[in-house]
Amino acid sequence: MAIIVRLDLVLVQRKVRSNDLARAIGITPSNLSLLKSGKVKGVKFETLDAICEYLECQPGDILEHVPNKTSKKGARRSA
């Protein structure tokens with residue numbers, strides 16, 4: 001997948017522990033760990049909003065798009 005999760009980096013920059021973030025936004029530490037590792041297929045906007053509010057950051061600070069080298073330019077998947 002071409003989406004990279006940079007949540008661990010933002011946590012380090014903000015000096016916030018994962019357990020503190022999980023408790024503050026109302027998700028389990030194990031679900032936060034899955035999100036940090038990029039092993040989830042999606043994230044609710046509500047959760048992303050809570051993370052950004054708590055960490056005082058933007059979604060782009062947490063998520064990064066890295067194009068696949070094999071994907072064709074302009075090719076899109078239907079939603």
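Start by selecting Cys57, which counts as buried because its relative accessibility is 9% (buried means under 20% relative accessible area, exposed over 50%, partly exposed in between, with a 1.4 Å probe and protein chains only). The model is predicted, so local features need pLDDT of at least 70 and side-chain atom pairs count only at pLDDT 80 or more, while totals for chains, interfaces and linings use all residues. Residues are numbered from 1 along each chain as its sequence is written, and side-chain values use heavy atoms, with hydrogens and water left out.

A disulfide is a covalent bond between the sulfur atoms of two cysteines; here the rule is a pair of cysteine sulfur atoms within 2.5 Å. The closest cysteine sulfur to that of Cys57 is in Cys52, 4.1 Å away, so the two are too far apart for a bond. The count by this rule is zero disulfides.

Now select residues 18–25, helix α2, and residues 45–55, helix α4 (helices are DSSP runs of H or I, at least four residues, numbered from the N terminus). They pack at about 120°, their axes 10 Å apart; axes are lines fitted to C-alpha atoms over the stretch in contact, and angles run from 0 to 180 degrees between N-to-C directions. The angle therefore makes α2 oblique to α4 (under 35 degrees is roughly parallel, over 145 roughly antiparallel, 65 to 115 roughly perpendicular, and the rest oblique).

Finally, show the side chains where the helices meet. From α2, select Asp20, Leu21, Ala24 and Ile25; they meet Thr47, Ala50, Ile51, Tyr54 and Leu55 of α4, contact being heavy atoms within 4.5 Å.

Technical notes
Helix = DSSP H or I, 4+ residues; strand = E, 2+ residues; numbered from the N terminus.
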